[in-house]
Amino acid sequence: MAGEEKQRETVKSSPDLFVQLFLQHERRLFGYIFSLMQNREDAEDVFQETSTLLWEKFNEFEIGTSFMAWSCKVAYFKVLEHRKKKKRQKVIFSDALMEVLTNEIIEMEDDLQEQSQMLEQCVQELPAEDRLLIRYRYAPHGTTKATAEKVHRSVPTVRKELRRIHRMLLLCVNRRMGLSPGPVNV
């Protein structure tokens, strides 16, 4: 019991942790909400309400568990609440289907986290020059053209190198997951 209180204390005293986790997952959270809503405006409203509620209830989040799974559960109930408010509109998805979708997304989140960790490990195994290309290309607002300019190579050469690196990373992740390599068309 004391351990749980200590964990919650840590979460309460760490708004930076909330911001870090929220920023890491906000796009997928919005995508999840949008997949359950009828239109973008409603999804944006529910996303804002969910974001506020996540902040208010962050002291209930248990460190070490999936922030995305927790966020989806909170969002699910906000979507239901929103739908009740707008009952006059035609409902596309039943509550049962929404619950199934939520559970599937939560299960997928665990797999995605594992794959993401494996990908990070595989990137670390790349030669330094390949890691640099990946870092430049996938930096915020990074493009193949900007990467080519930074490394003083042509765009076609950088594209070819990125395809090679992508193949290597895919093979590495598949190997770590115990999947057969199969044909790699990247």
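His152 lies in the loop between helix 7 and helix 8, the latter formed by residues 155-177. In this predicted model, the phi angle of His152 is near 60°, a positive value in a residue that is not glycine. Most residues other than glycine have a negative phi. The relative accessibility of His152 is 71%, so the residue counts as exposed, the cut-off for that class being over 50%.

A positive phi is also found at His141, where the angle is about 65° although the residue is not a glycine. His141 is placed in the loop between helix 6 (128-137) and helix 7 (144-151). The relative accessible area of His141 is 81%, and the residue is therefore exposed.

Ser51 belongs to a helix, namely helix 3, which covers residues 40-56. With a relative accessibility of 13%, Ser51 counts as buried, because buried residues are those under 20%. A polar atom of the Ser51 side chain lies 2.7 Å from the backbone oxygen of Phe47. When residues up to four places away in sequence are not counted, Ser51 touches Phe18 and Phe22.

In summary, His141 has a positive phi and is exposed. His152 likewise has a positive phi and is exposed. Ser51 is buried and sits in helix 3.

How values were computed. Residues are numbered from 1 along each chain as its sequence is written. This is a predicted model: local features need pLDDT of at least 70, side-chain atom pairs count only at pLDDT 80 or more; totals for chains, interfaces and linings use all residues. Side-chain values use heavy atoms; hydrogens and water are left out. Helices (H or I, at least four residues) and strands (E, at least two) are DSSP runs, numbered from the N terminus. Buried means under 20% relative accessible area, exposed over 50%, partly exposed in between (1.4 Å probe, protein chains only). A polar contact is a pair of N or O atoms within 3.5 Å; within protein, one must be able to donate a hydrogen and the other to accept it, and residues adjacent in sequence count only if both atoms are side-chain atoms. Contact means heavy atoms within 4.5 Å.
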